[in-house]
Amino acid sequence: MDAIVKNFPRTGQESGRPTQQEAEDAVRVLLRWAGDDPLREGLLDTPMRVAKAYRELFSGYDQSPEDVLGRTFEEVAGYDDMVLVRDIPFFSHCEHHVVPIIGKAHVAYLPEGRVLGLSKIARVVEIYGRRLQTQESMTAQIARAIDETLAPRGVAVMIEAEHMCMAMRGVQKQGSTTLTTTFTGAFKTDAAEQARFITMVRSR
């Protein structure tokens with residue numbers, strides 16, 4: 001089951017989102033907990049920088065994939081074969097340890113009379129990447145957003161990523177990658193379409 005994520009407004013204590021000052025104070029607590037002094041010269045501006053960085057790194061909570069995918073094109077001259085955008089780079093953060101996930105996404109769909117602007121697919125990857133994630137959820141969320149908004153004959157999503165929670169801590173296995181896939185419609189029911197998608201992703 002995918003995590004339920006609600007978009008938060010950008011400001012306002014009444015919304016449940018902490019203020020900028022509360023965020024900076026929390027960073028100071030973590031710096032002290034780590035064993036350093038947040039009042040030393042090199043760390044004086046760190047809480048402000050971290051809060052600013054978090055606003056950018058987790059900006060996906062303030063964006064809606066439905067808004068990004070809302071505009072489609074119907075003048076496609078009868079084209080109805082696979083549309084694939086591969087090697088879309090992304091950076092996300094593991095929801096368990098809040099450390100980076102670095103990877104690339106491959107997204108395809110089979111049009112049903114309408115197509116998306118190619119940049120829209122990359123934007124959807126970016127939106128879901130800039131949230132606390134598991135790779136499994138992110139893969140399913142991208143596929144579902146395109147499937148529900150565009151209503152194509154099928155959607156295929158493959159994500160390959162390295163998780164810093166495995167590389168930097170715990171088992172510390174650098175260079176290992178995780179691969180996840182989600183298929184809907186014809187990609188799910190037709191093994192030949194799945195195989196064609198994977199072949200096109202792997203071809204260079």
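Q: Which residues is Thr182 in contact with, leaving aside its neighbours within four places in sequence?
A: Thr182 is in contact with Thr139, Ala140, Ala143, Val155, Ala156 and Val157, where contact means heavy atoms within 4.5 Å. A word on the source: this is a predicted model, in which local features need pLDDT of at least 70 and side-chain atom pairs count only at pLDDT 80 or more, while totals for chains, interfaces and linings use all residues. Residues are numbered from 1 along each chain as its sequence is written, and side-chain values use heavy atoms, with hydrogens and water left out.

Q: Why is Thr182 called buried?
A: Buried means under 20% relative accessible area, exposed means over 50%, and partly exposed lies in between (1.4 Å probe, protein chains only). Thr182 has 19% relative accessibility, so Thr182 counts as buried. Its place is in strand β7, residues 178-185; strands (E, at least two residues) and helices (H or I, at least four) are DSSP runs, numbered from the N terminus.

Q: What makes His163 a buried residue?
A: The relative accessible area of His163 is 12%, so His163 is buried. This histidine sits in strand β6 and touches Pro100, Ile101, Gln135 and Thr178, not counting residues up to four places away in sequence.

Q: What covers the buried residues of α4?
A: The cover includes α3 (65-68), β2 (83-94), β3 (100-110), β4 (115-116), β5 (132-133) and α5 (135-150). The buried residues themselves are Ile121, Val124, Val125, Ile127, Tyr128 and Gly129.

Q: What makes a set of residues a nonpolar core, and which residues have the most contacts inside the largest one?
A: Such a core is a set of buried Ala, Val, Leu, Ile, Met, Phe, Trp, Tyr and Cys residues joined through side-chain atoms within 4.5 Å. The largest has 33 residues, and Phe90, Val107, Tyr109, Val125, Ile142, Ile146 and Ile159 have the most contacts inside it. Its largest share, 6 residues, comes from α5. A second, separate core of 10 residues includes Met82, Phe183, Phe187 and Phe197.
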